[in-house]
Amino acid sequence: MFSKVAVSLFFLCCMSNASESSQEKAFALCGDILRVALPLAAGGYTLLEHDYEGTLQYGESFGTAALITGWTKLTIPKTRPDTEPYSFVSGHTSMTFAPAVFLYKRYGPRIGIPALGLALVTGATRIAAHKHYPEDVIAGALVGILPALYFTTPRHKSFALVPKASGRSTGIQLKLTL
């Protein structure tokens with residue numbers, strides 16, 4: 001279901017046969033929608049799953065990314081391609097990568113991969129709409145990714161015994177996911 005919504009949003013927002021100016025506006029709108037929709041979806045998903053530990057971890061991840069983004073925009077004066085201020089880092093990108101990486105790490109690839117795809121689309125829209133340079137988007141992605149990796153733990157802890165063969169030796173390896 002999540003991946004169907006992701007694909008629909010992508011085509012709805014980003015695919016247009018209109019003029020170049022209209023396409024830029026469509027890309028900007030797509031990025032604006034995803035900037036709000038993906039964080040809300042991630043937070044809502046934790047609540048639907050009754051995963052209150054995940055809700056806290058998401059809040060820590062997203063909040064840290066938001067603080068770093070705001071601080072960076074205020075302390076590094078860089079003009080956007082469209083001559084507006086506050087280019088570095090891309091807030092849209094950081095605010096979509098934080099929930100996407102959180103979803104991937106907390107709930108796995110089934111929900112995480114579509115979310116990461118939407119985060120990538122968001123970054124691409126910021127470049128296509130001439131709101132950011134590629135380095136702003138890359139830095140924004142890192143600002144979203146790093147707190148999510150730090151604060152998030154997988155929801156289901158597990159362990160497994162895995163056969164291991166290396167050279168002439170064989171054995172069993174214990175894999176523990178914490």
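**Loops and helices of a predicted model**

H50 is found in the loop between α2 (20–48) and α3, where helices are DSSP runs of H or I with at least four residues, strands are DSSP runs of E with at least two, and both are numbered from the N terminus. The model is predicted, so local features need pLDDT of at least 70 and side-chain atom pairs pLDDT 80 or more, while totals for chains, interfaces and linings use all residues. Residues are numbered from 1 along each chain as its sequence is written, and side-chain values use heavy atoms, without hydrogens or water.

Although H50 is not a glycine, its phi is positive, at about 55°. H50 counts as exposed, because its relative accessibility is 55% (buried means under 20% relative accessible area, exposed over 50%, and partly exposed in between, with a 1.4 Å probe and protein chains only).

The loop between α3 and α4 contains Y86. Y86 also has a positive phi, of about 65°, without being a glycine. Its relative accessibility of 44% makes Y86 partly exposed. V89 is found in the loop between α3 and α4 as well, and a cis peptide bond, with omega about 0°, joins F88 and V89.

A100 is buried, because its relative accessibility is 0%. Which residues does A100 touch, leaving aside neighbours within four places in sequence? A100 is in contact with L38, G112, A115, L116 and A119, where contact means heavy atoms within 4.5 Å. A100 and A115 are 15 residues apart along the chain, yet their C-alpha atoms are separated by 4.8 Å.

The last helix to consider here is α6, which has 18 residues and reaches 26 Å from its first C-alpha to its last. This is close to the expected 26 Å, a span given by 1.5 Å times one less than the number of residues. Among the buried residues of α6 are V137, A141, G144 and A148. Their cover includes α3 (52–75), α4 (91–107) and α5 (109–128).

L146 lies in helix α6 (residues 134–151) too, but L146 is exposed, because its relative accessible area is 52%. Together with I138, L142 and L149, L146 forms a nonpolar patch on the surface, with about 390 Å² of accessible area in total. Accessible areas come from the Shrake-Rupley method with a 1.4 Å probe, and for residues only the protein chains shown count as cover. Patches are made of residues with over 30% relative accessible area and no salt bridge; like charges are joined within 9 Å, and nonpolar side chains (Val, Leu, Ile, Met, Phe, Trp, Tyr) within 5 Å. A salt bridge is a side-chain nitrogen of Lys or Arg within 4 Å of a carboxyl oxygen of Asp or Glu. An α-helix has 3.6 residues a turn, so residues three or four places apart point the same way.
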